[in-house]
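Here's a quick briefing to read with the model open in your viewer. Take a look at the structure first, then work through the notes by topic.

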Amino acid sequence: MAKKLNIKKAIKKPGSLRKSLGIKKGEKIPAKVLAKAAKKPGKMGQRARFAQTLKGFKKSWRKKYQVEKKEKD
């Protein structure tokens, strides 16, 4: 059986990929830009590949995470 993955703990620095790509807060990261960043080595590549993985999750889960994140701030 696969281990349960706690995504909230996996996202240690929310917004860091967006900041390193130079995209303003509130704007979506274009798929082409994300794909290009995913090919890069190092942290930026890791974060971009992780973002692509999260993109494949159910929309209901992503919405839930975003709502909980906003409540903390």
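Let's start with helix α4, where Gly45, Ala48 and Leu54 are the buried residues. Keep in mind that this is a predicted model, with a mean pLDDT of 77 over the chain and 71% of the residues at 70 or above.

**Helix α4 and the overall fold**
- Helix α4 takes in residues 42–55, so to speak a run of 14 residues, and spans 20 Å from its first C-alpha to its last, close to the 20 Å expected at 1.5 Å a residue.
- The chain has five helices and zero strands, which reads as α-α-α-α-α along the sequence.
- Contacts between residues 24 or more positions apart make up 38% of the chain's contacts with a separation of 6 or more.

**Burial and surface**
- The chain exposes about 6700 Å² of accessible surface, and carbon and sulfur atoms account for 56% of that.

**The nonpolar core**
- Which residues form the largest nonpolar core? The five are Leu17, Leu34, Ala37, Ala38 and Ala48.
- Helix α3 (residues 31–38) supplies the largest share of this core, with three residues.
- As general background, nonpolar side chains in soluble globular proteins tend to be buried together.
- Leaving aside residues up to four places away in sequence, Leu17 touches Ile29, Leu34, Met44, Arg47, Ala48 and Ala51.
- Two of those partners, Leu34 and Ala48, are also listed in the core alongside Leu17.

- Leu34, Ala37 and Ala38 are the buried residues of α3. They sit on the same side of the helix because they cover an arc of only 100° around its axis.
- The general rule behind this kind of pattern is that an α-helix has 3.6 residues a turn, so residues three or four places apart point the same way.
- What do the buried residues of α3 pack against? Their packing partners are α2 (16–21) and α4.
- Over on the other side of α3, Lys32 and Lys36 are exposed.

- Confidence is highest in α3, with a mean of 89.
- Helix α5 (residues 59–72) is where confidence is lowest, with a mean of 57.
- Where pLDDT is low, the predicted coordinates should not be read in detail.

Notes: Residues numbered from 1 in each chain as written. Predicted model: local features only at pLDDT ≥ 70, side-chain atom pairs only at ≥ 80, totals over all residues. Heavy atoms only, no water. Helix = DSSP H or I, 4+ residues; strand = E, 2+ residues; numbered from the N terminus. Contact = heavy atoms within 4.5 Å. Areas by Shrake-Rupley, 256 points an atom, 1.4 Å probe, with all protein chains shown as cover. Core = buried A, V, L, I, M, F, W, Y, C linked by side-chain atoms within 4.5 Å. Buried < 20%, exposed > 50% of the residue type's maximum accessible area, 1.4 Å probe, protein only. Expected span 1.5 Å × (residues − 1). Arc of directions from axis to C-beta. pLDDT = per-residue confidence, 0-100.
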